[in-house]
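Dear colleague,

Please find below the structure that I am handing over to you. My findings follow directly after it.

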Amino acid sequence: MINLDSPDILTAQEAAKIWGKNEAYVRTALKQNPDKFPDGSVRRFGKVILVTTQGMEAATGIKDPRKLKNRRGSFDMS
């Protein structure tokens, strides 16, 4: 069963913001180089694009920044 409440399923705009990219990043990347996204990691629903964290990690080469922040925070001694 797919959990649509999963934090690993994002709108393209949410994902772009989290990864520090332009709001149109996912749409543009899909148009220019759709092979960057693994099968099943991105899907259009009308004008809305949903993308998984796996898809964003593959497309950008950057691990999920939310997880990096949590990891850094756990080592914060201040």
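How many residues lie between E2 and E3 in the hairpin that they form? In this predicted model, 2 residues separate the strands of the hairpin, and Gly-46 in the turn has a positive phi of about 65°. Strand E2, residues 42-45, pairs with E3 in the antiparallel sense over 4 bridges. Within this pairing, Val-42 stands opposite Val-51 in E3.

As to the overall layout, the chain contains 4 helices and 3 strands, and its elements follow the order β-α-α-β-β-α-α from the N terminus.

The largest nonpolar core comprises 14 residues, of which Ala-15, Tyr-25, Val-26, Phe-37 and Met-56 touch the most other members. At least two core residues come from each of helix H1 (12-18), helix H2 (25-32), strand E3 (48-52) and helix H3 (53-60). The greatest contribution is that of H2, with 4 residues. Leaving aside residues up to four places away in sequence, Val-26 touches Ala-12, Phe-37, Val-42, Ile-49 and Met-56. As general background, nonpolar side chains in soluble globular proteins tend to be buried together.

Some totals for the chain may also be of use to you. Of its 78 residues, 28% count as buried. Among contacts with a separation of 6 or more, 48% join residues 24 or more positions apart.

With kind regards

Methods:
Residues are numbered from 1 along each chain as its sequence is written. This is a predicted model: local features need pLDDT of at least 70, side-chain atom pairs count only at pLDDT 80 or more; totals for chains, interfaces and linings use all residues. Side-chain values use heavy atoms; hydrogens and water are left out. A nonpolar core is a set of buried Ala, Val, Leu, Ile, Met, Phe, Trp, Tyr and Cys residues joined through side-chain atoms within 4.5 Å. Buried means under 20% relative accessible area, exposed over 50%, partly exposed in between (1.4 Å probe, protein chains only). Contact means heavy atoms within 4.5 Å. Two strands pair if DSSP finds at least two bridges between them.
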